[in-house]
Amino acid sequence: MAKGGLGVGLDALFIDNANEVQVKKTLRTAELEPNRDQPRKAFSDEAITALADSIREHGMLQPILVRPISSGGYQIVAGERRWRAARMAGLDEVPVTIRELSDLETMQIAIIENLQRENLNPIEEAAGYNDLIEKYGMTQEKVAKMVGRSRSAVANAVRILSLPDRVLKMVENGELSAGHARALLGFENEEMLIATALRAADGGLTVRQVEKAAQKSEEHTEDSASKANKKIDNYFKEMELSLNERLGRKVKVDYGKNKGALILEFYDKKDLAALAEKLAKED
């Protein structure tokens, strides 16, 4: 993913926010704290160790973006991985850029920064979009514009979060791709969904094969429903014929999902009275 091609981009977000509080050029690592709401949750120990080695040799080349918080310290907006590596490398101070940022701006910057570096797994990406929508009231269109993607791409990413937790964990761990996750959304039956996910995670199914399995599952469900409906239809038809013979008149059974009606034909008052008497005598 090209670093300059994501929606409004980090530079535009910075330009829109003119409240820069650049008093200190460096801060003690102990003064910084991570943002618990930032989209990225998983950090590779191996990658941080490699970055720490690079920092020891070359220093930290890019400042960490932070914002002041009410407790008196600073919250990391972008650069938590660098902060972790700096602590591992034994740095007491790190270069920073300090800005006054709202919670929404902080979340936007964190998502864009991580997407530009391709550091978010599909679940973190989807959760980040969902937070912007649920917590901050952004529409899918606005989120899509912000990250430089189509609205359908954002919608499909968020839909992944509806998968069972067991499957989400497989996607998060890299056992299943985002493509597999989207294909699994086609299953109605959760047990079949999980079984297919396990097969795919073992390398037994491609994305296309998962899509076909979901389609067959849907067709099977539709066939079962059709057979059940046909069985119900036949029952009511047989009941109509039976009542027709017993009552000696045209009978119609009108039925819906949760209720129905029995319609009996009569010709005049005398016929209706005879029908009522006959019905009253029925056991």
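**Salt bridges and a buried threonine**

I began with a search of the whole structure, which is a predicted model, and the search returned seven salt bridges. I then took up some of them in turn and noted how exposed each partner is.

Entry one. I looked up aspartate 53 and found its side chain in a salt bridge with that of arginine 56, at 2.7 Å from N to O. Both belong to helix 2, which covers residues 45–58, and because they are three residues apart there, about one helical turn separates them. I noted aspartate 53 as partly exposed, since its relative accessibility is 40%, and arginine 56 as partly exposed too, with a relative accessible area of 46%.

Entry two. Which residue forms a salt bridge with arginine 149? I found that it is glutamate 125, and that the closest N and O atoms are 2.1 Å apart. Arginine 149 sits in the loop between helix 6 (140–147) and helix 7 (151–159), whereas glutamate 125 sits in helix 5 (residues 122–134), so this pair ties together parts that lie 24 residues apart in sequence. I wrote down arginine 149 as partly exposed, with a relative accessible area of 26%, but glutamate 125 as buried, because its 13% falls under the 20% cut-off.

Arginine 151 is partly exposed at 38% relative accessibility, and glutamate 141 is partly exposed with a relative accessible area of 49%.

Is threonine 106 buried or exposed? I located threonine 106 in helix 4, residues 103–116, and I recorded it as buried, because its relative accessibility is 1%. Its side chain is joined to that of arginine 67 by a polar contact of 3.4 Å. When I left aside the neighbours within four places in sequence, I found threonine 106 in contact with Asn35, Arg67, Gln75, Val77 and Leu101.

Entry five. I asked which residues of helix 3 (residues 80–88) are buried, and I listed Glu80, Arg82, Trp83, Ala85 and Ala86. I also noted that glycine 90, which follows helix 3, has a positive phi, near 90 degrees.

How values were computed
Residues are numbered from 1 along each chain as its sequence is written. This is a predicted model: local features need pLDDT of at least 70, side-chain atom pairs count only at pLDDT 80 or more; totals for chains, interfaces and linings use all residues. Side-chain values use heavy atoms; hydrogens and water are left out. Buried means under 20% relative accessible area, exposed over 50%, partly exposed in between (1.4 Å probe, protein chains only). Helices (H or I, at least four residues) and strands (E, at least two) are DSSP runs, numbered from the N terminus. A salt bridge is a side-chain nitrogen of Lys or Arg within 4 Å of a carboxyl oxygen of Asp or Glu. A polar contact is a pair of N or O atoms within 3.5 Å; within protein, one must be able to donate a hydrogen and the other to accept it, and residues adjacent in sequence count only if both atoms are side-chain atoms. Contact means heavy atoms within 4.5 Å.
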